[in-house]
Amino acid sequence: MQVYADNAATTAMSQVAIDAMLPYFNQNYGNPSSLHSVGQRAKEALEAARETVAQCLGCEPREILFTSGGSEADNQAIISAARYGARKGKKHIISTAFEHHAVLHTLNKLEKEGFEVTYLDVRNNHNVTAQQVKDAIRPDTCLVTTMYANNEIGSILPIEEIGAVCKEAGVPFHTDAVQAVGHLHINVKEQNIDMLSLSSHKFHGPKGVGALYVRKGFPLVNVIEGGAQERGKRAGTENIAGICGMAAAVKDACDHMDENMPRVAAMRDRLIAGLSQIPHSALNGDPVNRLPGNVSFCFEGIEGESLLLLLDANGVCASSGSACTSGSLDPSHVLLAIGRVHDVAHGSLRLSLSEYNTDEEIDHILKVVPEVVQYLRNMSPVWRDLQTGKRQYIL
Amino acid sequence: MALYSEKVMDHFMHPRNVGVIENADGVGEVGNAKCGDIMKIYLKIENDIIVDVKFETFGCGSAIASSSMATEMIKGKNIHEAMALTNKAVAEALDGLPAHKLHCSVLAEEAIKNALKDYYDRNNIPYDDKTFPDCEHCAHCE
């Protein structure tokens with residue numbers, strides 16, 4: 001049995017998404033900028049896709065900008081708000097300590113340019129509150145950017161409340177909703193979201209395509225210069241096949257969200273209940289406001305990469321925030337941000353589910369993970385020291 | 001996984017000499033939990049020959065494989081041969097390690113040297129301090 005439990009990394013494409021793409025490779029292969037009929041057919045597909053994506057987010061089609069993915073959308077949203085703010089002498093940004101690197105590294109770049117960034121603490125409940133955002137807003141704040149839901153630990157942020165705080169203060173609000181779109185009900189108008197980033201391959205669409213929702217009238221800055229595509233705000237011939245695949249995937253996800261969400265959440269809860277039985281383990285992330293598919297644990301006394309390799313050998317594809325899997329010496333900044341110490345953060349495991357997973361697969365995971373954890377603990381000098389009292393348990 | 005050679009995967013999936021030696025003649029431990037890898041080596045030595053060796057490792061796949069390979073390479077050898085084991089030899093015996101994992105083979109060499117130093121200390125055998133590294137790699141993640 002091979003269980004794919006790494007859907008927060010990427011998902012299998014749905015058949016509807018594949019079918020939606022196929023005509024645009026060698027039949028309707030036109031360039032939407034061309035005046036002839038072949039080009040115009042592609043243009044129609046492009047605009048139909050825009051309308052579909054807009055419907056799923058509760059916005060107008062003209063507020064959707066297609067990009068190469070979530071990272072580009074995050075970059076453009078943040079850079080745009082920063083440039084707009086700077087023109088008015090506002091150079092303060094509010095974010096959180098557990099953002100994705102697409103956001104964090106963009107913010108780091110702006111800090112080098114003289115912007116000041118407040119990273120909200122996420123140790124309390126592994127989440128932030130709207131009050132924290134409110135308290136951090138200053139007269140020179142030009143942007144609040146918080147993720148919608150965390151990719152590693154699954155916490156869902158109080159987006160509507162944060163949106164309300166930002167609206168009241170007149171501060172633009174961007175959310176990196178890469179993990180949320182297609183999985184949670186989103187309405188950008190009701191939630192007072194000014195900009196939202198999404199990525200197609202997180203909801204069974206193709207890779208290499210995403211979108212940025214931008215409230216009408218917000219001044220965007222180009223990240224990619226060139227032709228006049230996307231109303232002049234994002235150059236480059238549109239990835240029509242990808243965009244059509246994404247639109248089909250997001251529609252499918254939104255149409256079936258009410259059936260998928262409880263089913264996936266039930267599998268998640270069974271995993272959390274089962275893995276909590278492993279001694280000296282801890283759940284990462286908000287236990288209540290949590291992505292339907294996210295399970296994240298730290299297991300004391302073992303290291304994440306060896307855990308992943310052994311799980312893979314036993315038919316479970318998962319991920320970890322250990323240093324060895326990140327290629328750096330430090331474990332995941334998300335785990336450190338929620339207050340996990342290095343020793344424990346190295347032993348992290350993330351299982352992320354989708355509606356393609358089955359109850360039998362959950363049974364398999366529940367059998368394999370405790371065995372592998374125990375096997376690794378049995379050869380770990382850290383575990384021995386914990387057991388003999390030479391070292392104090394943290395979890 | 002293509003990340004590692006078949007040799008590494010073999011020693012990771014089927015590690016040799018895992019465990020503890022009660023009443024070992026030399027014990028060495030290097031690394032720290034903060035860095036994400038700790039290796040502990042136990043030696044049983046008779047007439048300068050390493051008659052048995054066991055290890056415990058907390059760490060990634062290449063750390064476990066490096067410990068396994070290093071213990072295989074010194075088992076049955078005399079202590080001078082064991083002292084001469086280099087991290088390079090361990091990495092080569094594993095058909096190579098990814099660049100960012102080479103420190104795992106360094107850790108294996110250091111763990112063995114550490115265990116031998118412990119053996120020398122216990123038996124009042126004189127040695128040159130310079131022969132033993134001071135686990136320099138641990139410093140950069142403090």
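In what order do the three strands of the open sheet in chain B stand? In this predicted model, the order is β1-β2-β3, and the pairing is antiparallel.

## The sheet of chain B

Let's start at the edges. Strands β1 (26–32) and β3 (49–58) of chain B each have a single partner strand, so one side of each is left without a neighbour in the sheet. From one strand to the next, the twist averages 15 degrees.

Now take a look at the pairing of β2 with β3. Strand β2 of chain B covers residues 37–46, and nine bridges join it to β3(B), the two running antiparallel.

Another helix to look for is α5 of chain B, made up of residues 102–122, which lies across β1 and β2 of chain B. Helix α5 runs at about 145 degrees to β1(B).

## Where chain B meets chain A

How many residues of chain B are in contact with chain A? There are 21, and they contact 21 residues of chain A. On the side of chain B that touches chain A, at least two residues come from each of α1 (6–13), β2, β3 and α2.

Sorted by class, that side of chain B has eleven nonpolar residues, along with five polar and five charged ones.

Key. Residues numbered from 1 in each chain as written. Chains lettered and ligands numbered in written order. Predicted model: local features only at pLDDT ≥ 70, side-chain atom pairs only at ≥ 80, totals over all residues. Pairing = 2+ DSSP bridges. Helix = DSSP H or I, 4+ residues; strand = E, 2+ residues; numbered from the N terminus. Axes fitted to C-alpha atoms, helices over the stretch in contact; angles between N-to-C directions. Contact = placed C-beta atoms within 7 Å. Nonpolar A, V, L, I, M, F, W, Y, C, P; charged D, E, K, R; others polar.
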